[in-house]
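User: I would like to learn how to read the features of a protein structure. Could you guide me through one?
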Amino acid sequence: MNRLSVNLCGIELDNPVIPASGTFGYGYEFAEIYDINVLGTFSFKGTTKDPRFGNPTPRIAECTSGMINAVGLQNPGVEKVISSELPKLGKCFFKPVMANVSGFSVEDYAYTCALLDKEPQVGWLEVNISCPNVHGGGMAFGTTPEGAAEVTRAVKAVTTKPVIMKLSPNVTDIVAIAKACEAAGADGISLINTMLGMRIDLRTRKPVIANTMGGFSGPAIFPVALRMVYQVAHAVKIPVIGMGGVSSASDVLEMMMAGATAVEVGAANLVEPTVCRDIIEALPAEMDKYRIGSLAELKLEK
Amino acid sequence: MKDSVFTVASVMRLTENVYRTELTGDTSDITASGQFVNIKIDGLFLRRPISVCDLDGNTLVIIFKVVGKGTEALAAAHPGDTFRVLTGLGNGYDLSRAGNHPLLIGGGVGVPPMYLAAKRLRAQGLPVTVILGFNTSGEIFYADEFASLGCDVRITTVDGSMGTRGFVTDALPEEYSYFYTCGPEPMLKAVYRMTKTPGEFSFEERMGCGFGACMGCSCKTVTGYKRICKDGPVLKKEEILWDK
């Protein structure tokens, strides 16, 4: 029996470790350095209906135990993702992959999800209603229960695969939003996206990030993420994917004890490209330390 | 791309705030001049990208200017200290396009990557002209090292304290077949305007990962969007769009 396996919305994962969207490209850069088939799955770069260049540079800033990014959903658009990125992804990853989708209108989300839903390798749709780096969309839908429910309903109406709604921490009541997604038919919830932050360059007296603000991620946000995962997992019945500052096997266990079914790893991939493989290898010994027989047994007791 | 541990062999101060560090480790993934490495420094989150200056067996030479916490920590390293280093990053210069008399143009901390290019071009037996631009004579480094390779070395200083007074573009030779350059963006723009042949430019940008995953360092080019870390840092003259 595989001690690490978990079931995410009806699909068995060899382990709960999932590189988060935007930190793993389409997988092939990492396939140069390790066999990415050791992963549970991964969530590929956020995809929109139309191609996007994203924000001006600098898009990246260093922080204490973390970083800020303001990439702004750069991607070649859903048609190009399907025609050229997914075939390349399919040459180095042989498991169901998680398609991450963003949009600027409810129709955008439905259009992009409907196309990716038809791709055989796509196992789940992770719908990002929480990008802090684009105006007039993304997070706008994720900041109210009504907006989140509207996107959920529209996507569910045109798809067959599990729909996981990715939530923003930059809200007053994340539990209400998670419940609204569940009521609208979501199959799972993932959280948290990055926290809105900024840095100022003392020499220029101007923001480091060209877009002024960006999404703060990395180990510094782990306690905030863990708290929100705990709150949401206790409030909904659908599976929850926990993320935010996860960078070790013990972080994964902590997230699962908070109620996460699976765990995404984000910023850590950018500085330690093998971190997800290292976490998976370290998990059995870490579980032994705390007498955890299997990860499935960590299922939340409510 | 390889992630491995390098050991500091020596640290030498070249000018007031420019340091030369020799590191030993697995250099097998470094193939071209103009590539860079990404160095993990304790206590800092993001790695620090630094250009490859020279390569000799297991020895990697980097030259960097102290501009912040990362480079401060690197400058303070002692022989025997170790760093995790991602190697083999970036495309590097295409030396097969050099022609019969290549020109290398380096400005300030854009000088280091020109060294490995010069060494390899000289090894092919080509005559190489090198223009090294600095603000003032106290900032000059590596002029003798380029001369030892047998390069025709031309120095420019903005204040005229050594060599030609002015910018690298004030010392352009009459004849050259192709050029390779690295330096601050205003210098690169001037080189773009004043050169008469095709050539290659190395760019700098704040990076997240350094290996193409995060899209933190993207720019627009004639041939589409490129990532400075993965599709660059070297762009060919004909593909550059300055309104990035």
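**Reading helices, sheets and single residues**

Analyst: Helix 8 of chain A passes helix 10 of chain A in a right-handed crossing. Please keep in mind that the model is predicted.

User: How are two packed helices described in general, and at what angle do the axes of helix 8 and helix 10 of chain A cross?

Analyst: Two packed helices are described by the angle between their axes and by the distance between those axes. Here the axes of helix 8 (residues 249-257) and helix 10 (residues 275-289) of chain A come within 8 Å and cross at roughly 70°. Helix 8 and helix 10 of chain A are therefore roughly perpendicular to each other, since angles of 65 to 115 degrees count as such.

User: Which residues make this contact?

Analyst: From helix 8 of chain A come Ala249(A), Ser250(A), Val252(A) and Leu253(A), and from helix 10 of chain A come Ile279(A), Ala282(A), Leu283(A) and Glu286(A). Sorted by class, the contact has six nonpolar residues, one polar residue and one charged residue.

User: At what angle do the axes of helix 5 and helix 6 of chain A cross?

Analyst: The axes of helix 5 (residues 145-157) and helix 6 (residues 174-183) of chain A come within 8 Å, and they cross at roughly 30°. That makes helix 5 of chain A roughly parallel to helix 6 of chain A, because the cut-off for this term is an angle under 35 degrees. The crossing of helix 5 with helix 6 of chain A is right-handed. Pro145(A), Ala148(A), Ala149(A) and Thr152(A) of helix 5 meet Ala176(A), Ile177(A), Ala180(A), Cys181(A) and Ala183(A) of helix 6. These residues divide into eight nonpolar, one polar and no charged.

User: How does one decide whether a residue is buried or exposed, and which applies to Ile174(A)?

Analyst: One counts the other C-beta atoms within 10 Å; a residue is buried if there are 20 or more, and exposed if there are 12 or fewer. Ile174(A), which lies in helix 6 of chain A, has 23 such atoms and is therefore buried. Setting aside neighbours within four places in sequence, Ile174(A) is in contact with Leu167(A), Pro169(A), Leu191(A), Met228(A), Gln231(A) and Val232(A).

User: Where is Thr41(A) found, and is Thr41(A) buried or exposed?

Analyst: Thr41(A) is found in the loop between helix 1 (28-31) and strand 4 (60-63) of chain A. With 24 other C-beta atoms within 10 Å, Thr41(A) is buried. Beyond four places in sequence, its contacts include Leu13(A), Ile18(A) and Met98(A). Thr41(A) and Ile174(A) are 133 residues apart in sequence and 26 Å apart in space, C-alpha to C-alpha.

User: Let us turn to chain B. In what order do the strands of its open sheet lie?

Analyst: Seven strands form the open sheet of chain B in the order 4-3-7-1-2-6-5, and the pairing is antiparallel. Strand 4 (48-51) and strand 5 (54-56) of chain B are the edge strands, each pairing on one side only. On average, neighbouring strands of this sheet are turned by 35° against each other, direction ignored.

User: How many bridges join strand 1 of chain B to strand 7 and to strand 2?

Analyst: Six bridges join strand 1 (residues 2-13) to strand 7 (residues 82-89) of chain B; one of the partner pairs is Ser4(B) with Val85(B). Six bridges also join strand 1 to strand 2 (residues 18-24) of chain B, where Arg13(B) has Tyr19(B) as its bridge partner. A hairpin through four residues joins strand 1 to strand 2 of chain B.

User: Which peptide bonds are cis?

Analyst: Among them is the bond from Thr57(A) to Pro58(A), with omega near -5°. A cis peptide bond also joins Gly232(B) and Pro233(B), with omega about 10°. Pro58(A) lies in the loop between helix 1 and strand 4 of chain A, and Pro233(B) lies in the loop between strand 15 (224-227) and strand 16 (234-236) of chain B.

User: Finally, what is the value of phi in Thr212(A) and in Tyr142(B)?

Analyst: Phi of Thr212(A) is near 70°, a positive value in a residue other than glycine. Phi of Tyr142(B) is likewise near 70°. Thr212(A) counts as exposed, with 12 C-beta neighbours inside 10 Å, whereas Tyr142(B) is buried, with 23 other C-beta atoms within 10 Å.

Definitions and conventions:
Residues numbered from 1 in each chain as written. Chains lettered and ligands numbered in written order. Predicted model: local features only at pLDDT ≥ 70, side-chain atom pairs only at ≥ 80, totals over all residues. Axes fitted to C-alpha atoms, helices over the stretch in contact; angles between N-to-C directions. Parallel < 35°, antiparallel > 145°, perpendicular 65-115°, else oblique. Left-handed = near helix turned anticlockwise from the far one by under 90°. Contact = placed C-beta atoms within 7 Å. Nonpolar A, V, L, I, M, F, W, Y, C, P; charged D, E, K, R; others polar. Pairing = 2+ DSSP bridges.
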